[in-house]
Structure formats: C-alpha cells, structure tokens
Amino acid sequence: MTATSPSAEIPVPARGKGELKIHLRNIPLLANLTEEEMQRVKADLRVRAYAKRDVIWHKDGGGDGLLFLLTGQLQVIDIAEDGRAIGLRALAPGDFFGEIALINNAPRSASVVAMTPVLVGFLPAPTALHLFSHSPSVARQMLQHLAQKIQRDSELRALLSINNTTRRIFTYLSLMVRRDAQGLPVVENLPTHQDIANMINTSRETVTRALLALAQQGIIEKEQHRLVIRDPEALRRLVHSS
C-alpha cells in the first residue's frame with residue numbers, strides 16, 4: 001500500500017495486533033475525493049469485523065449502504081434452485097459492493113460470505129448517493145464499473161450458450177484472465193472447481209480434468225491463490241477450436 005495523507009487514515013482495532021490504520025485513498029473509488037468529501041466519508045464510515053464463513057449480507061435484503069472490503073477476502077454467492085451455493089465472484093481489498101441495490105433501492109441480488117477474517121467498511125446510503133451525484137471522480141468510476149458489469153454479464157450469457165463443455169471451461173478461464181503488476185496474464189482468486197462447474201453448468205470432475213490437461217500441456221501453472229497463464233496463445237486457440 002502506498003503512503004497517504006493522515007487525513008485519509010482511519011484507525012481500526014486489529015486482532016492481537018493493537019491498532020491497524022486503513023488508508024482510504026488506497027481504495028480506488030475514494031482515491032480522488034476532495035478533502036471535504038474525504039472528511040465526510042471518514043465521519044460516516046463504520047468498520048465491522050467478520051469471522052471466516054460469516055455472511056456479510058443476505059440476498060433479498062435492503063440496499064441500505066455501500067460496502068468496501070478493507071482486509072481479507074469475500075465471495076459473492078447465489079443459491080441455485082436445488083440449494084447449491086454458486087460462487088459468482090471473489091472480492092479483494094479495495095473492492096466495493098452493494099451498489100446496484102443502493103442505486104435501484106431494490107433488494108440485494110446475491111449474498112456475500114467471508115472466505116477469511118475480514119474488515120468491511122459500511123458507508124450509509126445518503127453519503128454514498130451524495131458521492132455518486134456530486135463527486136465527478138466517483139461518478140466516472142461508477143459508470144465504468146457498471147459498464148464492465150454489463151459486459152461481464154453479456155459474456156457469461158454467451159458462454160452458457162456454448163454447447164461444447166470443454167470449450168465452455170476454456171472460455172470461462174479466458175474471461176477471468178487479467179494482467180498482474182508485472183504484466184503476467186493471471187487468474188487471481190480462482191473459484192473452486194465446484195463453483196466453476198455450477199456457474200457453467202457442468203460437473204466438478206469435468207472442470208478438474210480440463211484444468212489438469214491445461215497444466216500438463218504447460219498452458220497454465222497453479223500458484224498459491226492464482227493461476228498463471230504460461231501460453232495465452234495456446235489457450236486462445238483452444239477457445240476457438242474446442
């Protein structure tokens with residue numbers, strides 16, 4: 001994390017470690033707030049600690065604020081008709097959630113579960129909505145975020161229309177690829193094989209076999225908490241030829 005002005009720091013208790021300082025300007029959505037806006041956020045933000053496996057919020061609850069993941073890892077999940085929990089996406093520190101329910105004043109569309117002990121910042125609806133409408137930097141980032149969300153949803157619908165199961169897996173993997181700080185193509189916080197299977201309508205065993213085949217061919221390499229795509233061109237060919 002980069003150094004920031006003390007005016008953008010908030011102290012929070014850390015389990016067994018005294019006090020932890022959270023630098024609010026390290027949160028991308030808040031990075032370019034004016035000093036006045038930052039002071040309002042600091043005054044209204046409430047930090048809450050959750051243990052691993054705690055449900056941060058439940059699907060169909062009200063959109064009463066905007067939430068920021070400050071430390072740890074969260075997973076957005078939905079429940080299938082047969083009761084299975086389907087992992088939709090992972091959240092990393094600096095990510096925010098709850099914006100759709102807040103903007104639409106509608107029930108939450110998914111649940112959020114802690115995958116590790118986490119600290120979550122809760123910004124009440126009036127303050128969050130004020131930022132959306134009065135802060136140009138927040139409004140611009142929110143528009144970009146919503147556009148990317150629409151694109152991801154469109155890609156997922158197209159993915160589910162692919163009849164070939166193996167190609168669906170390879171396509172899903174390719175959609176998850178991002179560049180890390182060193183420019184490597186990686187998939188961070190890869191969902192479990194069961195979660196991938198649930199999302200793309202196949203079996204866990206099929207996902208495991210497909211990823212193992214990619215690893216054996218040297219196309220991917222599993223590291224802790226992520227996959228490195230060693231041969232992006234080979235993966236692209238599989239997507240278009242499987």
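Because the model is predicted, local features need pLDDT of at least 70 and side-chain atom pairs count only at pLDDT 80 or more, while totals for chains, interfaces and linings use all residues. Residues are numbered from 1 along each chain as its sequence is written, and side-chain values use heavy atoms, with hydrogens and water left out.

**View 1. Helices H3 and H4 meet at an angle of about 90°.** Look for H3 at residues 125-134 and H4 at residues 136-160; helices here are DSSP runs (H or I, at least four residues), strands are runs of E (at least two), and both are numbered from the N terminus. Their axes are 6 Å apart; an axis is a line fitted to C-alpha atoms, for helices over the stretch in contact, and angles run from 0 to 180 degrees between N-to-C directions. H3 and H4 are therefore roughly perpendicular (65 to 115 degrees; under 35 is roughly parallel, over 145 roughly antiparallel and the rest oblique). On the H3 side, Leu131, Phe132 and His134 touch Pro136, Val138, Ala139 and Met142 of H4, where contact means heavy atoms within 4.5 Å. That contact has six nonpolar residues, one polar and no charged (Ala, Val, Leu, Ile, Met, Phe, Trp, Tyr, Cys and Pro are nonpolar, Asp, Glu, Lys and Arg charged, and the others, Gly among them, polar).

**View 2. Gln141 sits in helix H4.** Leaving aside residues up to four places away in sequence, Gln141 touches Pro28 and Leu29.

**View 3. Helix H5 packs against helix H7 at about 65°.** H5 covers residues 165-176 and H7 covers 204-216, with axes 10 Å apart. The pair is therefore roughly perpendicular. From H5 come Thr165, Ile169, Phe170 and Leu173, and from H7 come Thr206, Val207, Ala210, Leu211 and Leu214. Sort these contact residues and you get seven nonpolar, two polar and no charged.

**View 4. Helix H6 also crosses H7, at roughly 110°.** The two axes come within 8 Å, and H6 and H7 are therefore roughly perpendicular to each other. Here His193, Gln194, Ile196 and Ala197 of H6 meet Arg204, Val207, Thr208 and Leu211 of H7. This contact splits into four nonpolar, three polar and one charged.

**View 5. The largest pocket holds about 1700 Å³ of space.** On a 1 Å grid over the protein atoms alone, a cavity is a set of points where a 1.4 Å probe fits but cannot get out, and a pocket is an open set with protein on both sides within 12 Å along at least five of seven lines; lining residues have an atom within 4 Å of a point. Grid points are joined across faces, edges and corners, and the volume is the space filled by probe spheres set on them. Of the 46 lining residues, Arg89, Ala90, Leu91, Arg152 and Arg178 are the closest to the centre. H4 gives the largest share of the lining, eleven residues. By class, the lining has 25 nonpolar, ten polar and eleven charged residues.

**View 6. The second largest pocket holds about 420 Å³.** Its lining has 16 residues, with Gln73, Asn189, Leu190, Thr192 and His225 nearest the centre. Helix H6 (193-200) and strand E14 (226-229) each supply at least two of the lining residues. The lining counts five nonpolar, seven polar and four charged.
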